[in-house]
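Subject: Structure for you to look at

Hello,

Here is the structure I said I would pass on.

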Amino acid sequence: MSSPILLAITGASGSIYAIKFLELMKRLGNETHLIISDAGRQVVAYELGAASLSQLKSLSACQYDVKDLAATPASGSSAWRAMIVLPCTMGTLASIANGLSTNLIHRAADCFLKERRQLVLCIRETPFNRTHLKNMLAAQEAGAAIFPAMPAFYHKPKDLDEMAAFFASRVAQFIGIDVPDLKRWQGISN
Ligand SMILES: Cc1cc2nc3c(=O)[nH]c(=O)nc-3n(C[C@H](O)[C@H](O)[C@H](O)COP(=O)(O)O)c2cc1C
């Protein structure tokens, strides 16, 4: 089995994407470890209901306390396939872009960058101010991928679940996981 995926959930709108990503990883047999920021917990409970926090826990193989700077992801020596921040707030983006390792999410991301590992930031905010844009560029230049949590419509999703699941599949595909049932663009046939 390959190394686990590290999923960090922060307090941006779109917690449904994280659930869909974890469900997909479980279905495809990929182990995922989880860190949730305090604001992330608040937004998950608000958007999806408090029961979703235990659902997230049951879908992941391991959970870390965001304040535990001695946990495995805080060291560059730990082995991971990729780290995804989904959804990623502007606050977490700023911390990562500026190397502020003040909680386990920021520290883990810092380790991914220094070890040249795949770090995917699914940022979510609208509109962006100049600081957001500068931080995106700084994070990208440091080695992160900016992968905005923007839903697509060309696959004609029937509902929110399908819309979020499609985005989660695109993230999985981006980190090199084959998603057999992903609807791929086939061109427009008139
Ligand atoms: C319901 C709700 C939705 C939010 N949505 C966003 C968002 O989409 N993007 C963002 O950058 N911050 C958003 N915030 C604000 C962040 O949660 C806040 O800045 C927090 O301090 C971020 O902390 P974290 O990055 O450690 O999770 C939202 C807050 C709430 C309560």
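By class, how many nonpolar, polar and charged residues are in the lining of the second largest pocket? There are eight nonpolar, three polar and two charged residues in that lining. Bear in mind that this is a predicted model.

The second largest pocket holds about 200 Å³ of space. It is lined by 13 residues, and Ser13, Gly14, Ile16, Tyr17 and Leu160 are the closest to its centre. Two or more lining residues come from each of α1, α2 (38-48) and α7.

The largest pocket has a volume of about 270 Å³. Its lining has 14 residues, with Arg27, Ala165, Phe166, Ser169 and Asp181 nearest the centre. Here the elements giving two or more residues are α1 (15-27) and α7 (160-174), and α7 gives the most, with five. Sorted by class, the lining has six nonpolar, two polar and six charged residues.

Now the ligand. The residues around it include Thr10, Ala12, Val43, Arg124 and Glu125. The shell divides into four nonpolar, six polar and two charged residues.

- Gly11: a backbone N or O atom at 2.6 Å
- Ser37: a polar side-chain atom at 2.6 Å
- Thr89: a polar side-chain atom at 2.5 Å

On its own the ligand has 640 Å² of accessible area, and the protein covers 64% of that. The elements that give two or more residues to the shell are α2 and α4 (90-97).

Regards

How values were computed. Residues are numbered from 1 along each chain as its sequence is written. This is a predicted model: local features need pLDDT of at least 70, side-chain atom pairs count only at pLDDT 80 or more; totals for chains, interfaces and linings use all residues. Side-chain values use heavy atoms; hydrogens and water are left out. On a 1 Å grid over the protein atoms alone, a cavity is a set of points where a 1.4 Å probe fits but cannot get out, and a pocket is an open set with protein on both sides within 12 Å along at least five of seven lines; lining residues have an atom within 4 Å of a point. Grid points are joined across faces, edges and corners, and a volume is the space filled by probe spheres set on the points. Helices (H or I, at least four residues) and strands (E, at least two) are DSSP runs, numbered from the N terminus. Ala, Val, Leu, Ile, Met, Phe, Trp, Tyr, Cys and Pro count as nonpolar, Asp, Glu, Lys and Arg as charged, and the others, Gly among them, as polar. A residue is near a molecule or strand if one of its heavy atoms lies within 4 Å of it. A polar contact is a pair of N or O atoms within 3.5 Å; within protein, one must be able to donate a hydrogen and the other to accept it, and residues adjacent in sequence count only if both atoms are side-chain atoms. Accessible areas come from the Shrake-Rupley method with a 1.4 Å probe; for residues, only the protein chains shown count as cover.
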